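Welcome! Take a moment to look over the sequence and the model below, and then we can walk through them together.

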Amino acid sequence: IKSPFGSIMGKGGKGKAGRITKVWTAPKKWESSKGKSQGKSKGKGGGHWVWVDEAPKVYKTKGKGKGKGVKGGKAKGKGKRRAAPLTSEFWTKKVEAEGRKEIGETVLPGVISRYNVKQGYGFLKPDNPQGLPNPVKKKMNEAEAAVEAEGKEVKEKGLLYFRKPDVNHEEGFKLAEGTAVTFRLYVDNLGAGALDVSMA
């Protein structure tokens, strides 16, 4: 997540060269908890498929700002990253790097808990979490325990992660909180998730 602020300027619209610190408190979000992983990992990037609250981010920049002050000022830089298109190889590479393994062909019911349209991922809650296969429950428990061991709070337990390509997109299917869905299961190096997410 990148800072939504533009360049910070002094009076008269002229910025001073040097190191400027910007502090932005990120809102509650629902994503894999990312951080530095200890030891070797089979997948690229650290993290677990668990919904957490991130700590406030501190962004440090240097160089001259360009704009008309803090309010209404325009700054050069990259905008917020958006989810890759459905046809992008980005998604295929992530699945391969994470070592995904589908668990059977059983279709289960649940509801959408969270979904981030811009980033293309979210979480759903199974109707019967205790009835999930043991390998899936084990992965979920391990991911939640690992996050708590890092000193982070798991905002809601018993959720399954899913991504934009894991959804069967059809007209009228909105991934809003509380929407009833059906899905299948998988496990990977980061935890457990849902695929073939469809409108119930």
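Predicted model: local features only at pLDDT ≥ 70, side-chain atom pairs only at ≥ 80, totals over all residues.

## A tour of the chain

The chain has two helices and seven strands. Helices here are DSSP runs of H or I with at least four residues, strands are runs of E with at least two, and both are numbered from the N terminus.

Residues are numbered from 1 along each chain as its sequence is written, and side-chain values use heavy atoms, with hydrogens and water left out.

**The chain as a whole.** Of its 200 residues, 35% count as buried. Buried means under 20% relative accessible area, exposed means over 50%, and partly exposed lies in between (1.4 Å probe, protein chains only). The chain exposes about 12,700 Å², and carbon and sulfur atoms supply 51% of that area. Accessible areas come from the Shrake-Rupley method with a 1.4 Å probe; for residues, only the protein chains shown count as cover. Among contacts (heavy atoms within 4.5 Å) with a separation of 6 or more, 71% are between residues 24 or more positions apart.

**Helix 1, inside and out.** Which residues are buried in helix 1 (residues 89–98)? They are Trp91, Ala97 and Glu98. Seen down the helix axis, these buried residues fall within an arc of 130°, so they line one face of helix 1. The arc is taken over the directions from the helix axis to the C-beta atoms. Strand 5 (160–163) and strand 6 (180–188) are included in what covers the buried residues. On the face turned away from the buried side, you will find the exposed residues Glu89, Lys93 and Glu96.

Just after helix 1, Gly99 takes a positive phi of about 65°.

**Salt bridges.** The structure holds 11 salt bridges. A salt bridge is a side-chain nitrogen of Lys or Arg within 4 Å of a carboxyl oxygen of Asp or Glu. Three of them are listed here:

| Pair | N to O distance |
|---|---|
| Glu98 and Lys94 | 3.6 Å |
| Glu98 and Arg163 | 2.9 Å |
| Lys152 and Glu150 | 3.9 Å |

Glu98 forms a salt bridge with Arg163. This pair links distant parts of the chain, with Glu98 in helix 1 and Arg163 in strand 5, 65 residues apart. Glu98 counts as buried at 4% relative accessibility, and Arg163 counts as buried at 2%.

Glu98 and Lys94 are four residues apart in helix 1, which means that about one helical turn separates them. An α-helix has 3.6 residues a turn, so residues three or four places apart point the same way. Lys94 counts as partly exposed, at 27% relative accessibility.

In the remaining pair of the table, Lys152 is partly exposed with a relative accessible area of 23%, and Glu150 is partly exposed at 42%. Finally, look for Glu102, Glu105, Arg184 and Asp196, which are linked in a network of salt bridges.
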